[in-house]
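Please look over the sequence and the 3D structure shown here before reading on. The briefing after them is arranged by topic.

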Amino acid sequence: MEISQNSNDNINHVDRDKDNIDKVTTLTTDATATPVISSESNEQESSVNNENNSENLVNSTNSSNNNSNSNNNSDDDDKVKYLKNLSILNSINVKDREYQKIKSNILQETASLRNEDLLLNDLLKERNLLVQEFNKFEAILKDIKNDIHHVCMIVEVDGIIKERNSEKNKIQKHINQLHEVASPIKDSLEELRKSVRLPPLPTIEQENNLKQTEYLNQRLNEEIETISKKQQQANSKRRKSSNS
């Protein structure tokens, strides 16, 4: 808009210069076209007028040239400013496109990072659940192993019990066999002792009960001695602790 206004001003100045030149030429032609008066005063006046008109023409021409030069200089400055603004706008467009591209990449990468965080959190939650479930199954497996161990021990003990029962039955069978052998011998022995008036022998059951009673008494005495020793040791520890 500024450039168009300056160009219009230049055109107006040129038109005014043309009008001034036309006026001067008209005046000069009119002066030459008038009839010559014989008096010297008229000639002097016409020459003075011609000189004044020529001076006015020169002055107007110089002023128009100065105006045109100033307008041309202002037009050049405006063009330089306009080109500079165009260059700045072009740089702004280039930088803006570059910035928008980088910003778009940043937003995309940020969205990708957010998605990765969500996925990672979900995976961590799933892992924690799996670990908890694994710990539960591990505890169950330990219980099963313990149960299996206990079952094995029970089976082993059952086997031992079975063996001991078998051994017990063998011993009892052997005892019965010995009783069968010893019974007629003892009967004949008792008859012989009775014939010579000797007292009868105690039965095997009586002797067995006597031995069992002696064994139980011995075990009882041993337990009493063990308990008394433990009490004495506890009393000695209490005395030492109280003294310290």
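Residues are numbered from 1 along each chain as its sequence is written, and side-chain values use heavy atoms, with hydrogens and water left out. The protein has 3 helices and 0 strands, where helices (H or I, at least four residues) and strands (E, at least two) are DSSP runs numbered from the N terminus.

**Confidence**

- The average pLDDT, which is the predictor's confidence in each residue from 0 to 100, is 76 for the protein, and 70% of the residues score at least 70.
- Confidence is lowest in helix 1 (residues 2–33), with a mean of 44, and highest in helix 3 (residues 204–243), where the mean is 85.
- Over residues 1–14 the pLDDT stays under 50, and the model has 12 contacts for this stretch beyond four places in sequence, a contact meaning heavy atoms within 4.5 Å.
- The pLDDT is also below 50 over residues 23–42, a stretch that has 7 contacts in the model beyond near neighbours in sequence.
- Where pLDDT is low, the predicted coordinates should not be read in detail.

**Overall picture**

- Read along the sequence, the protein follows the pattern α-α-α.
- Of the 244 residues of the protein, 5% count as buried, a word that means under 20% relative accessible area, whereas exposed means over 50% and partly exposed lies in between (1.4 Å probe, protein chains only).
- The protein exposes about 21,400 Å², of which carbon and sulfur atoms supply 56%; such accessible areas come from the Shrake-Rupley method with a 1.4 Å probe, and for residues only the protein chains shown count as cover.
- Among the contacts with a separation of 6 or more, 65% are between residues 24 or more positions apart.

- A search of the whole structure finds 1 salt bridge, defined as a side-chain nitrogen of Lys or Arg within 4 Å of a carboxyl oxygen of Asp or Glu.
- This salt bridge joins Glu-190 and Lys-186, whose closest N and O atoms are 3.2 Å apart.
- Because Glu-190 and Lys-186 are 4 residues apart in helix 2 (residues 40–195), they are separated by about one helical turn.
- Glu-190 is buried, with a relative accessible area of 16%, and Lys-186 counts as partly exposed at 22% relative accessibility.
- Arg-193 is also placed in helix 2, and this residue is buried yet has no salt bridge, the nearest side chain of opposite charge being Glu-190, 5.0 Å away; here Lys and Arg count as positive and Asp and Glu as negative, while His and the chain ends are not counted.
- Not counting residues up to four places away in sequence, Arg-193 touches Leu-198, Pro-199 and Leu-201.

**The loop between helix 2 and helix 3**

- Arg-197 lies in this loop and counts as exposed, at 78% relative accessibility.
- The phi of Arg-197 is near 60°, a positive value in a residue other than glycine.
- Most residues other than glycine have a negative phi.

Terms used. Predicted model: local features only at pLDDT ≥ 70, side-chain atom pairs only at ≥ 80, totals over all residues.
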